[in-house]
Structures are given as C-alpha cells and as structure tokens.
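Q: Hi! I'm new to this one and would like a friendly walk through it. Could you put it up on screen?

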Amino acid sequence: MSNLPENMVQLGSRRNIMREIREYGLIRAREVGAENVLDFSLGNPSVPPPPQVNDTIRAILDSPQGDSIHAYTTAQGDLAVRESLAASLTRRFGMHYGPDDLYITVGAAAGLCCCFRALACPGDEFVLMAPYFTEYDIFVRGNGGIPVVVPPDYDTFQPDMKALEAAIGPKTKALVVNSPNNPSGAIYSAETLTAMADLLRRKAAEYGHPIYLISDEPYREIVFQGFTVPWIPNFYDDTLVCYSYSKSISLPGERIGYVLVGEKVAEHKAVYAAICGAGRVLGYVNAPSLFQRVAAACDGLTSDLSIYQTNRDLLYNGLTSMGYTCVEPGGTFYLLLKSPVPDANEFCKRAQAYDLLFPPTDDFACPGWCRIAFCTTTEQVQKALPIFKKLAEEYGL
Ligand code: PLP
C-alpha cells in the first residue's frame, strides 16, 4: 500500500485521451511509416511562429543586456513587459489597462490555476460551460473549487441559458468561458454575452457577492473569415482574462501568457493580490524571462493562419457534404463532429483501424462527439477525407 494521495497517483498514471492517442500514433508511425498515420489528436500548432519571435530572441541575446535576461524577474512579470503589454491591450481593445492589472504566467494553464486558487473559498463553485477543455475539472478541483457543469445548446453550441441560470447559486464564485472554444470552435456571440452578463449581474445582486467571469482565451486571434470575437470585459466588468501565446504565435512549449484583472473588476486590488499569492503557493516564481520579452514584442501578432483556414474549409465542407453533422468552427483549429453512432469511442476506434486518429470528446463533457484538431498539414487533411468518406458509407450516412 503506498502512502501517497490516491488522486495524484491516478492523475499522473492516466494520460489524457489526446496524449494517449498521440502516443499510439507514434508507435504506428514506426510500424507503417509516419506518412501513413493521419493524426488529428493534439492541439499543437503546425505553423511556425511569426518571424518577429526569433528576431526578438536574437536581438535580446545579442544586446549588451543579453546575459541578464536569464535572471529572475519580479514575480508578477518584468515591469517594462507589463507596461508594454498593458499599452498594447489598451490600443487593441479600447479599455484602459495598466501594468498593475497584469500578472504574467506560465501559459493559460497556470493563469487558470492561479485564478481558481485565488478565488476559491471552501465550498465555492465554479461553473464550467460544456464542452470544455479537459483540464478545467482537474484545475478547479486541484485548487479548492467545486466544478458545476452546464450543457450547451447542442444546435448552436452557444450556452443553454436556462441551464446556466439553474446552475448559478449562492456558492457560485465564477463562471469559466472559453470562446473561441476548444473543442467546438464556437464563438460566443455579442447577443450571448449580453444575456450572460445580465444574468451574472442579476445573480450577483441576488446573492450579495460578485460572481467573476474567467475568460480563457488562448484562441482569441485564431478566427475564420466572417467571424469576430467580442472583447468580454466590454460586456461584464468582473471579468478576469487568461491569455496564452501558445496557439496564436505557436509557442506552446515555451509556456507564456498572462492574467488580466482590469480596474473595474470588483475588489480589483485584492483579486490581483490573491492571484499573485496563488502564483507563490503554486511555486511559479516568475514566468520565463526571455519569453516575457517575446510576448511584449509580439502581442497581437499571429502565425500564418491561412493554413488553418484552408484546412477548416476543406474539412467542414467535405465532411458536411458526406452527411456528417459538424459544428462550423468560427475559430480555433478544432472541428467538432457528431459520431454517427451514440458511442463516439466506437467511431474513433473504427477510424483508428484506418490509422485516422482523433479523440472522442467524452472528457470534454460532450459524449457522442469527436474532436478533429486540424492544426496539421493540408496534405494530411486531403488524405483523411477519402477515409472519412469510407466511414460515412460504412455507417450509412
Ligand atoms: N485553455 C484551453 C481552452 C486550451 O485549449 C489550452 C491548451 O490546449 C489551454 C487552456 C492551456 O494552454 P497553455 O498552453 O497556454 O497552458
């Protein structure tokens, strides 16, 4: 019998489904050749970062201050970095932000954990809008909160407002929103956000305490033609924004992002201090120093998104014309496809027999659907379509 917390051992032993599929794909690639495995499992950007990323790194390393870049920064992030980011956000979103509104993080994952840890008092509930990024449940529980899950409207993948209203109670501390959404690609419309903000204000007044909205936005700039992403703090003052440079400028391994706590947020100073405190408790010390500077120099830039647009168009048009039900992605690089059979695990296994790999979304609180991560080459998408066609015929679509 081990004398260790069982939940930790379990969390570390059971990989998440995407990584399990990815590892299976690597094994298959050795057996049949990488070109014969069509892996749509992971959200690892397939396009390189914009050239400004490496230019910035070279310029910093070659500058007279190059050696000192590896030193600790202040815990909340280098002041010049926060000033530069605050100015960029003020310019881009038309609301005033200052350096003391920003806490630089080790990606969005760390930002989310800091927010949950900062806000959770014993018994506090965090409302998660399904479908949601698999780690939310772990992050909330691991940081002292209780997750409460709200299903979407399955026709639009906007929130089911009645279900949301029913989920909010006196113990609700925050609502977590991710738009553009992983795994659905849906973007919450201005109409949705207006209704959501009205509801939160009404409930906060009824229960006599703020209800925060935590907006997880790693896909904010990955948006397809004809779609826009509303700036959520414009709709609801008590919004904490968790951002990451992992997807927009293809830096997932470098671990850099921020939490933005605008001055209109209720108990702004205390919330910001609690986020800094959570970062201390979690041992983050400071976000990677070199990439803090990269973030400051590259905020608002994107990698070349045209490949995602091409892949998205090919997949969405191709799959719907074969008879599949899909959510039209407004952003991200994911497409949510309805399994032709109730158990999406069965459908994914059948596809796996053709070395076409993608996960069911049961762990995203969305059983019966599958997520296709199209941050791949266009050639892979082109090779996958005839296999989807074969599967469509096998399932009689
Ligand atoms: N939130 C969502 C919705 C994600 O999809 C991801 C990563 O895939 C994260 C957060 C974590 O991102 P990061 O790499 O910035 O920690």
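A: One term to begin with: a crossing is left-handed if the near helix is turned anticlockwise from the far one by less than a right angle, and right-handed if clockwise. Helices (H or I, at least four residues) and strands (E, at least two) are DSSP runs, numbered from the N terminus. This is a predicted model, where local features need pLDDT of at least 70, side-chain atom pairs count only at pLDDT 80 or more, and totals for chains, interfaces and linings use all residues. Residues are numbered from 1 along each chain as its sequence is written, and side-chain values use heavy atoms, leaving out hydrogens and water.

Q: Thanks! Which way does α5 pass α6, left-handed or right-handed?
A: The crossing of α5 with α6 is right-handed.

Q: And at what angle do the axes of α5 and α6 cross?
A: Roughly 40°, and the axes of α5 and α6 (residues 135-142) come within 8 Å. Axes are lines fitted to C-alpha atoms, for helices over the stretch in contact, with angles from 0 to 180 degrees between N-to-C directions. That makes α5 oblique to α6; angles under 35 degrees count as roughly parallel, over 145 as roughly antiparallel, 65 to 115 as roughly perpendicular and the rest as oblique.

Q: Which residues make the contact between α5 and α6?
A: From α5 there are Ala109, Leu112, Cys113, Phe116 and Arg117, and from α6 Tyr136, Phe139, Val140 and Gly142. Contact means heavy atoms within 4.5 Å.

Q: OK, what about α5 and α9, how do their axes cross?
A: The axes of α5 (residues 107-119) and α9 (residues 268-281) cross at roughly 115° and come within 8 Å. That makes α5 roughly perpendicular to α9. This crossing of α5 past α9 is right-handed too.

Q: Which residues of α5 meet α9?
A: Cys114, Cys115, Arg117, Ala118 and Leu119 do, and on the α9 side they meet Val271, Ala274, Ile275, Ala278, Gly279 and Val281.

Q: Tell me about Val271: is that residue buried or exposed?
A: Val271 is buried, with a relative accessible area of 7%. Buried means under 20% relative accessible area, exposed over 50%, and partly exposed in between (1.4 Å probe, protein chains only).

Q: What does Val271 touch?
A: Leaving aside residues up to four places away in sequence, Val271 touches Leu119, Tyr212, Leu240, Val261 and Ala266. Its C-alpha atom is separated by 8.7 Å from that of Cys115, 156 residues apart along the chain.

Q: New topic: which residues in the largest nonpolar core touch the most other members?
A: Of its 38 residues, those are Leu319, Tyr324, Leu337, Leu356, Phe358 and Phe388. A nonpolar core is a set of buried Ala, Val, Leu, Ile, Met, Phe, Trp, Tyr and Cys residues joined through side-chain atoms within 4.5 Å. α13 gives the most to this core, with seven residues.

Q: Now the backbone. Which residues does a cis peptide bond join?
A: One joins Ser179 and Pro180, with omega about 0°. The bond from Asn182 to Pro183 is also cis, with omega near 25°. Pro180 sits in the loop between β5 (172-177) and α8 (190-207), and Pro183 lies in the loop between β5 and α8 as well.

Q: What is phi at Phe157?
A: It is about 60°, a positive value although Phe157 is not a glycine. Phe157 is in the loop between β4 (146-150) and α7 (161-167), and is buried at a relative accessible area of 3%.

Q: And where does Asp355 lie?
A: In the loop between α12 and β10 (356-357). Asp355 has a positive phi near 60° and counts as buried at 9% relative accessibility.
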